[in-house]
Amino acid sequence: MGGRRLAFVAAIGGGWYRGTTVRIYLDYNATSPVPAEVADAVSAALRDCPGNASSIHAFGQRAKAVLDEARASVARLIGADPAEIVFTSGGTEADNLAVRGIAESRPDGARPAIIVSAIEHEAVLNAARALHRRGWPVTLLPAGPSGVVDVEDLARALDAAGGHPPALVSVMLVNNELGTVQPVKALAALARARGVPFHTDAVQAVGRVPIDVRELGVDLLSIAGHKFGAPKGVGALWVRRGLALQPQFVGGRQERGRRAGTENTPAIEGMRVAAEVAARQLPSEAPRQAVLRDRLERGILERVPATSVNGDPAARVPNTSNMSFEGVEGESLVIGLDLEGIAVSTGSACSSGTLEPSHVLRAVGLPPARVEGAVRFSLGPATTAAEIDRVLEAVPAIVSRLRARGRARG
């Protein structure tokens, strides 16, 4: 870190972190910092709610009340019935429960096709691949240069299935790398007309855009609490009432028999508070973050030549910008910004540490140079205009140095 000593403490009041170096966090799509009121709620639940929600004594009933209140808060955030909320350990488990649970639920043991988009999170893609190894055909829906799935492509995939309706269609509501919003309502309507269950991974959408599961017309929807301020390790799957779903964990009858295991009461209490905060802030935060994101993009495009924005500029969530810097390795830019106290990423945090380029950017047809030079900026409730201006001061100089180094090596 260039000899600098970085000391961090949890924020009290404004800003998420304070220390000897000012830190700017623009990686909310990887995970969101936990607000003080959420941390306080988790701490109180750890201290004051020791019972098991499956127990019938007073301690257990108090824990059950915490779960019931959290179920109601999460349901309100997505326009659902609380009885349809299944608590999980996070978005990955929710995706696996949806994809594998639907595929394995058929009483006849048949293994019809599974249709997923090529730009899904790896939790969905790898769940589908695991089923494919066991005999389920898998169809990948393409996404065009804008990073948006075409409704006609799904229609063709459904037609190709002929007299054997697919087991499931899964298309994410918001892409984690590009921020593009998929036409899930239209896609789900096509699937419903064929009697095919439809799942959407809404991990990057919940708390960032308004969601009503009834209006979307989906059958299952995945949630990860840590994307909107809850602790890591808690999430949920919304399952439309009456839908058959094979549990992936066997054991007790928790979560109405859909997910065995003692519920993580403190983390779920944290997700309750985070859901309530997100619902309260959404009407003002979405337009505010869109203004800051646009300010960031305009500033970079004006100050840094040979730079481009990836994905559809309109059909996306307000907090996300994916940009490519010609002649620069994205990882080097991430490191350079980190040395300046600015946290961004090259894409999905779940794929960090791999040597493979982004499957999302490749799937939308970006040339290798743009894929290699891509960086994702994702904003959140604590992001300020002053922080965006600081990023705009840092990026041009870092990119210039990296390009000069690259030319020298060449």
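Predicted model: local features only at pLDDT ≥ 70, side-chain atom pairs only at ≥ 80, totals over all residues.
View A. Although Pro33 and Ser378 are 345 residues apart along the chain, their C-alpha atoms are separated by 13 Å.

**View B. Helix H9 and the elements that cover its buried residues.** In helix H9, which spans residues 330–339, the buried residues are Gly330, Leu333, Val334, Gly336 and Leu337. Seen down the axis of H9, these buried residues fall within an arc of 165°, so they line one face of the helix. The cover over them includes strand S12 (320–325), strand S13 (342–343) and strand S14 (374–378), together with helix H11 (368–372) and helix H12 (385–409). Just after H9 comes Gly341, which takes a positive phi of about 85°.

**View C. Helix H4 and the packing of its buried residues.** Helix H4, made up of the 12 residues 122–133, reaches 16 Å from its first C-alpha to its last, which is close to the 16 Å expected at 1.5 Å a residue. Buried within H4 are Ala123, Val124, Leu125, Ala127, Ala128, Ala130 and Leu131. Gly135, which follows H4, has a positive phi, near 115°.

**View D. The crossing of helices H2 and H8.** Two packed helices are described by the angle between their axes and the distance between the axes. For helix H2 (residues 58–78) and helix H8 (residues 265–303), the axes come within 8 Å and cross at roughly 30°, and H2 passes H8 in a left-handed crossing. On the H2 side the contact is made by Ala63, Val66, Leu67, Glu69, Ala70, Ser73, Val74, Arg76 and Leu77, while H8 contributes Thr265, Ile268, Glu269, Met271, Arg272, Ala275, Glu276, Ala278 and Ala279. Sorted by class, the residues in the contact of H2 with H8 comprise 11 nonpolar, two polar and five charged.

Notes: Residues numbered from 1 in each chain as written. Heavy atoms only, no water. Helix = DSSP H or I, 4+ residues; strand = E, 2+ residues; numbered from the N terminus. Expected span 1.5 Å × (residues − 1). Buried < 20%, exposed > 50% of the residue type's maximum accessible area, 1.4 Å probe, protein only. Contact = heavy atoms within 4.5 Å. Axes fitted to C-alpha atoms, helices over the stretch in contact; angles between N-to-C directions. Left-handed = near helix turned anticlockwise from the far one by under 90°. Nonpolar A, V, L, I, M, F, W, Y, C, P; charged D, E, K, R; others polar. Arc of directions from axis to C-beta.
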